[in-house]
Amino acid sequence: LKQIVKPFILRRCKADVLNELVNKEQKVLRLPLDTHQQAVYTEIIHRHLQQTQKSSKGAARDEVAPMKNINKKLINNIFSDLRKAANHPLLCTTRFSEEQTKEMSEFLLHTGHFGPTCSLAQVLKEVRSYSDFTMHQVCCEYKHLNKYVLSDTDISSSAKLQALQELLPQLKKDGHRVLIFSQWTSMLDIIQEFVTNLGMRYLRLDGSTPVK
């Protein structure tokens, strides 16, 4: 395969171009979470602690269950949820009430959003698993649900995006081209709407980007 594609690919080794690159400058900005984001973060911790205590036999009521009773999968789930909250609270589920969720589910069932064979129970189960931003995206698709569409303020309600809101205009003014990375496509979805709200042009590159 390498021999086949070799005539079509210009391969440059790191050693060949290292001297041409400018020195990399790395800055780590530690950002305080805003009030809502901190509340979501804290709620995740308390929820997982309660679940762990209930599943831990013999653990005292107000005592954190021993680490040996927490399996690796649960630990990964805890840190995954905390990372979501630290990136953006809309990656979690906090803004839509059960009543709103049921209303959306009934509407999506009647419109055939999930196909003609789904039951209300199946639709409810699916919608309850959605993050706030996924719910927002669904609400954007249907005029009847537009009343539940999140505001631009909600979209930017993250310490990281608020920092970007200050950094990006200045970087653009100085002639920089900015690369923003995320391990989650759901976070890219939020960033995409965020930069659109700022009136900035962007190009998104992920697995769904068509090759032209």
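**Salt bridges, cores and a helix**

Author: Glu 98 forms a salt bridge with Arg 128, with 2.4 Å between the closest N and O atoms. Bear in mind that this is a predicted model.

Reader: What makes Glu 98 and Arg 128 a salt bridge?

Author: The cut-off is 4 Å between a side-chain nitrogen of Lys or Arg and a carboxyl oxygen of Asp or Glu. The closest N and O atoms of Glu 98 and Arg 128 are 2.4 Å apart, so the pair qualifies.

Reader: Which parts of the chain does that pair link?

Author: Distant ones: Glu 98 is in helix α5 and Arg 128 in helix α6 (residues 120–128), 30 residues apart.

Reader: How do you know whether Glu 98 and Arg 128 are buried, exposed or partly exposed?

Author: Buried is under 20% relative accessible area and exposed is over 50%. Glu 98 has 37% and Arg 128 has 43%, so both count as partly exposed.

Reader: How many salt bridges turn up in the whole structure?

Author: A search finds seven. One of them joins the side chains of Arg 95 and Asp 154, at 3.2 Å from N to O. Here too distant parts are linked: Arg 95 sits in the loop between α4 (72–87) and α5 (98–111), Asp 154 in helix α8 (residues 152–155), 59 residues apart.

Reader: Why is Asp 154 called buried, and what is Arg 95 called?

Author: Asp 154 has a relative accessible area of 17%, and the limit for buried is under 20%, so Asp 154 is buried. Arg 95, at 30%, counts as partly exposed.

Reader: What does the pair of Lys 147 and Glu 103 tie together?

Author: These two form a salt bridge, their closest N and O atoms being 2.9 Å apart. Lys 147 lies in the loop between α7 (132–141) and α8, while Glu 103 is in helix α5, so the pair ties together parts that are 44 residues apart in sequence. Lys 147 is exposed, at 53%, whereas Glu 103 is partly exposed, at 25%. There is also a network: salt bridges with shared partners join Asp 189, Arg 204 and Asp 206.

Reader: On to the nonpolar side. Which residues have the most contacts inside the largest core?

Author: Leu 145 and Ile 190, in a core of 28 residues. The elements giving two or more residues to this core are α5, α6, α7, α9 (159–173) and α10 (185–197). Helix α10 has the largest share, five residues. Leaving aside residues up to four places away in sequence, Leu 145 touches Met 104, Phe 107, Leu 108, Val 138 and Cys 139. A second, separate core has six residues, among them Ile 44, Ile 78, Leu 82 and Cys 92.

Reader: How do you know that the span of α10 agrees with what it should be?

Author: At 1.5 Å a residue, its 13 residues should span 18 Å, and the end C-alpha atoms of α10 are 18 Å apart, so the two agree.

Reader: And what puts the buried residues of α10 on the same side?

Author: In α10, the buried residues are Met 187, Leu 188, Ile 190, Ile 191, Phe 194 and Val 195. They cover an arc of only 160° around the axis, so they lie on the same side of α10. The elements covering them include α4, α7, α8 and α9.

Notes:
Residues are numbered from 1 along each chain as its sequence is written. This is a predicted model: local features need pLDDT of at least 70, side-chain atom pairs count only at pLDDT 80 or more; totals for chains, interfaces and linings use all residues. Side-chain values use heavy atoms; hydrogens and water are left out. Helices (H or I, at least four residues) and strands (E, at least two) are DSSP runs, numbered from the N terminus. Buried means under 20% relative accessible area, exposed over 50%, partly exposed in between (1.4 Å probe, protein chains only). A nonpolar core is a set of buried Ala, Val, Leu, Ile, Met, Phe, Trp, Tyr and Cys residues joined through side-chain atoms within 4.5 Å. Contact means heavy atoms within 4.5 Å. The expected span of a helix is 1.5 Å times one less than its number of residues. The arc is that of the directions from the helix axis to the C-beta atoms.
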